[in-house]
Amino acid sequence: MIFNAEQMGIISSAAGVSKNDILSANEAITIVVRILGYELRAKESGGYPAGYMNVAMHLGLLDGVTFDEKVTYSQAIALLGNVLTY
């Protein structure tokens, strides 16, 4: 799955993400913004991580979601729920 996501440009091997890693909030938000096709807008808005956060907020993906440093299961579910209703 990590390999497929890398091939699709959703994650970067330069980021050093492994299948056993716990994602940070910035990483999770970046992945979601890329999946939705807003990477260019995020880069134009300041890049990683601020541009991705700005795009996610603008799209309403962070509505009702507060993040810790690492993403918990309930936070991931809330983020994905917002993606489904976006």
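## Basis of the values

Local features in this predicted model need pLDDT of at least 70, side-chain atom pairs count only at pLDDT 80 or more, and totals for chains, interfaces and linings use all residues. Residues are numbered from 1 along each chain as its sequence is written, and side-chain values use heavy atoms, with hydrogens and water left out.

## Helix H5

Helices are DSSP runs of H or I with at least four residues, numbered from the N terminus. Helix H5 has 12 residues, 73-84, and at 1.5 Å a residue it should span 16 Å. The expected span is 1.5 Å times one less than the number of residues. The end C-alpha atoms of H5 are 16 Å apart, in agreement with that value. The buried residues of H5 are Gln75, Leu79, Asn82 and Val83. Seen down the helix axis, these buried residues fall within an arc of 105 degrees, so they line one face of H5. The arc is that of the directions from the helix axis to the C-beta atoms. Buried means under 20% relative accessible area, exposed means over 50%, and partly exposed lies in between (1.4 Å probe, protein chains only).

Helix H2 (25-35) is among the elements that cover the buried residues of H5. Asn82 has a relative accessible area of 15% and is therefore buried. Leaving aside residues up to four places away in sequence, Asn82 touches Gly60, Leu61, Leu62, Asp63 and Val65; contact means heavy atoms within 4.5 Å.

The relative accessible area of Tyr73 is 69%. Tyr73 also belongs to a nonpolar surface patch with Ile77 and Leu80, and together the three have about 360 Å² of accessible area. Areas come from the Shrake-Rupley method with a 1.4 Å probe; for residues, only the protein chains shown count as cover. Patches are made of residues with over 30% relative accessible area and no salt bridge; nonpolar side chains (Val, Leu, Ile, Met, Phe, Trp, Tyr) are joined within 5 Å, and like charges within 9 Å.

## Helix H4

In helix H4 (residues 50-59), the buried residues are Gly51, Tyr52, Val55, Ala56 and Leu59. They cover an arc of only 135 degrees around the axis, which puts them on the same side of H4. The cover over the buried residues of H4 includes H2 and H3. Gly60 follows H4 and has a positive phi, near 80 degrees. Gly60 is also one of the residues touched by Asn82.

## Salt bridges

Side chains of opposite charge can pair when their charged atoms come close. The structure holds two salt bridges, each a side-chain nitrogen of Lys or Arg within 4 Å of a carboxyl oxygen of Asp or Glu. Arg34 pairs with Glu39, with the closest N and O atoms 3.3 Å apart. Lys43 also forms a salt bridge with Glu39, at 3.7 Å from N to O.

Lys43 and Glu39 both lie in helix H3 (residues 39-44), four residues apart, about one turn of the helix. Arg34 is partly exposed at 21% relative accessible area, and Glu39 is partly exposed at 24%. Lys43 counts as exposed, with 52% relative accessibility.

How values were computed: Helix = DSSP H or I, 4+ residues; strand = E, 2+ residues; numbered from the N terminus.
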